[in-house]
Amino acid sequence: MMHKLKQLFDPTLFRFLLVGVVNTLVGYGVMFGLYNLAGLHAWGDAGEWLSSAANYLVGSVVSFFLNKHFTFRSREKGARVVARFAVNIAVCWLLAYGMAQPLMGWLLAGMGLSPQWEGNLTLLAGSGLFVVLNYFGQRFFAFRSKD
């Protein structure tokens, strides 16, 4: 059991988290800027989905290059690795926000928060779920080791 945990918490996890800080700064700037400053909060759920999609579109480009070369040190080239990465991002995003919206709707019901605040909290919750799903997806699917 301890050996399995040690394998899971190897240096790739810490490099992934470091890359995540960069992605978070860039992506959150895009997401919360669009949602709050560009007015997508007025679009309701659609504004949340569009803001988060823009976040992951921009952040994914940065993430692909940094995680491929720095985190997982993958030497694989070609369309297959790009396709696996894109599928992973899309599935993780759909799952994370698909779970975050109903979960946060339930948790925040009756709290008297504005729809904009509820949307911001939902975006944060979805981001947290995405990080967890994405790490495992990149490690074991997108940039899987052939060893």
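R15 is buried, at a relative accessible area of 17%, and that makes a handy way into this predicted model. From R15 in helix α2, we'll go to the loop that holds R73, then to the way α5 packs against α2 and against α3.

**R15 and its surroundings**
- R15 sits in helix α2, and its 17% relative accessible area falls under the 20% cut-off, so it counts as buried.
- Its side chain gets to the backbone oxygen of F70, at 3.1 Å.
- Setting aside neighbours within four places in sequence, R15 has contacts with F70, T71 and R73.
- R15 and T71 are 56 residues apart along the sequence, yet their C-alpha atoms are 5.1 Å apart in space.
- R73, one of those R15 contacts, belongs to the loop between α3 and α4 (79-108).

**How α2 packs on α5**
- The α2 and α5 axes are 11 Å apart, and the two helices pack at an angle of about 150°.
- That angle is over 145 degrees, so α2 counts as roughly antiparallel to α5.
- The crossing of α2 and α5 is right-handed.
- On the α2 side, the contact is made by T12, L13, F16, Y28, M31, F32, Y35 and N36.
- The α5 side brings P115, Q116, G119, N120, L123, L124, S127, V131, N134, Y135, Q138 and R139.
- Sorted by class, the contact of α2 with α5 has eleven nonpolar, eight polar and one charged residues.

**How α3 packs on α5**
- Helix α3 (residues 45-71) and helix α5 (residues 115-142) pack at about 30°, with axes 12 Å apart.
- Since angles under 35 degrees count as roughly parallel, α3 is roughly parallel to α5.
- The crossing of α3 and α5 is right-handed.
- From α3, the residues that meet α5 are E48, S52, Y56, S63 and N67.
- Their partners in α5 are G119, T122, L123, S127, F130 and Q138.
- By class, the contact of α3 with α5 comes to three nonpolar, seven polar and one charged residues.

- D10 is placed in the loop between α1 (2-8) and α2 (11-37).
- The side chains of D10 and R139 make a polar contact at 3.1 Å.
- Y135 and R139 turn up on the α5 side of the contact with α2 as well.

**T122, in α5**
- T122 lies in helix α5 and is among the α5 residues that meet α3.
- Leaving out residues up to four places away in sequence, T122 touches E48, Y97, A100, Q101 and M104.
- E48, in that T122 list, is one of the α3 residues in the contact with α5.

Terms used:
Residues numbered from 1 in each chain as written. Predicted model: local features only at pLDDT ≥ 70, side-chain atom pairs only at ≥ 80, totals over all residues. Heavy atoms only, no water. Axes fitted to C-alpha atoms, helices over the stretch in contact; angles between N-to-C directions. Helix = DSSP H or I, 4+ residues; strand = E, 2+ residues; numbered from the N terminus. Parallel < 35°, antiparallel > 145°, perpendicular 65-115°, else oblique. Left-handed = near helix turned anticlockwise from the far one by under 90°. Contact = heavy atoms within 4.5 Å. Nonpolar A, V, L, I, M, F, W, Y, C, P; charged D, E, K, R; others polar. Polar contact = N/O pair within 3.5 Å; in protein donor to acceptor, adjacent residues only side chain to side chain. Buried < 20%, exposed > 50% of the residue type's maximum accessible area, 1.4 Å probe, protein only.
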